[in-house]
Amino acid sequence: MTFQQKTVILGIGKMASALVKGWVSSKLIPASKIIGVRTNPSKIKQTSDQLKIKVTTDAVTALKGAQLVILGVKPQKIKEVLGEVGRAISPKALVVSIAAGVSTEQIEKLLPQGCPVVRVMPNTPSLLNAGMAAVAGGKRAKGSHVKLVLNLFAAVGKSIQVQENQMDWVTAVSGSGPAYIFHLIEAMTEAGVKGGLSEKMALELTAQTVYGAARMVQEAGKSPEELRIQVTSAGGTTQAALLKMAELGFKETVEMAMTAAAARSAELNKLNG
């Protein structure tokens, strides 16, 4: 699949940049068909040179004839940006939002009547083509729109279709999820250093262990529970660690933390409403 239509990206941060690199390298969208819009004139040349696309500060002109529009601006800027340039978007253009906590319904209100919107929750490993993106179509979006977006985000990792009312928990699981894993790596590394390992050694041991464990979940054909039991010998070191985690409420802590993330996502949606 190659998308040959004019594509405009409003707001080129790290995530949008990762998407452009993935799309161009996988030949899903030619670089010549992509225009990036930035508000900071001093960043235009740097961004253009880095991504090999045209970059401008003139959103209204850029949006003329665009068939795909990516909203890469921060959630709190959605209303302001679409209030200024939303009417320049064609009613036939597909609008894809990667803004957390902003519903498709809220975005649709700021666009021309009939304009389809698809909402996506990606995550930062997209920078390494190892991302996870959840895709939900708004009321105006057709199945073909959702399929296109699923293909676009699969170029930088994996993508799945979800219902929009699941997005708060998608945010809690995969959107914020990398930070939980980074925090776990921090904690394991620090513990290793306290136990006498060098920081470099502890970090390398921990990072590779997390990477390997994740691959086993994906490729071994067994559930995480089965894999955990397989590694845990009665009376052994792993069991000692897991018993201490259970005693300290490890699973309950994770559940409460993720519930807090989902609640904050819902709160942001209300604030942006």
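## Exercises on a sheet, its helices and a pocket

In this predicted model, an open sheet is built from 8 strands in the order E3-E2-E1-E4-E5-E6-E7-E8, and the pairing is mixed.

**Exercise 1.** Find which strands stand at the edges of the sheet, and say why one side of each is left without a neighbour.

*Solution.* Step 1: read the two ends of the order, which begins with E3 and ends with E8. Step 2: count partners; strand E3 (54-56) and strand E8 (157-161) each have a single partner strand, so one side of each has no neighbour in the sheet.

**Exercise 2.** Work out whether E7 pairs in the parallel or antiparallel sense with E6 and with E8.

*Solution.* Step 1: recall that strands of a sheet pair through backbone hydrogen bonds, in either a parallel or an antiparallel way. Step 2: take strand E6 (residues 117-121) and strand E7 (residues 131-137), which run antiparallel and are joined by 4 bridges. Here Met121 stands opposite Ala134, and Val118 has Gly137 as its bridge partner. Step 3: turn to E8, which pairs with E7 in the parallel sense over 5 bridges; Gly131 stands opposite Gly157 in E8. Step 4: check how covered E7 is: 5 of its 7 residues are buried, where buried means under 20% relative accessible area.

**Exercise 3.** Describe the lining of the second largest pocket.

*Solution.* Step 1: the space in this pocket is about 980 Å³. Step 2: 33 residues line the pocket, and Gly11, Gly13, Gly72, Val73 and Lys74 lie nearest its centre. Step 3: divide the lining residues by class into 17 nonpolar, 10 polar and 6 charged. Step 4: find the helices that each supply at least two lining residues: H1 (14-25), H3 (59-63), H4 (78-85) and H7 (167-175). H4 gives the largest share, 4 residues.

Terms used: Residues numbered from 1 in each chain as written. Predicted model: local features only at pLDDT ≥ 70, side-chain atom pairs only at ≥ 80, totals over all residues. Heavy atoms only, no water. 1 Å grid on protein atoms, 1.4 Å probe; cavity = no way out; pocket = protein on both sides within 12 Å on 5 of 7 lines; lining within 4 Å. Points joined across faces, edges and corners; volume = space filled by probe spheres on them. Nonpolar A, V, L, I, M, F, W, Y, C, P; charged D, E, K, R; others polar. Pairing = 2+ DSSP bridges. Buried < 20%, exposed > 50% of the residue type's maximum accessible area, 1.4 Å probe, protein only.
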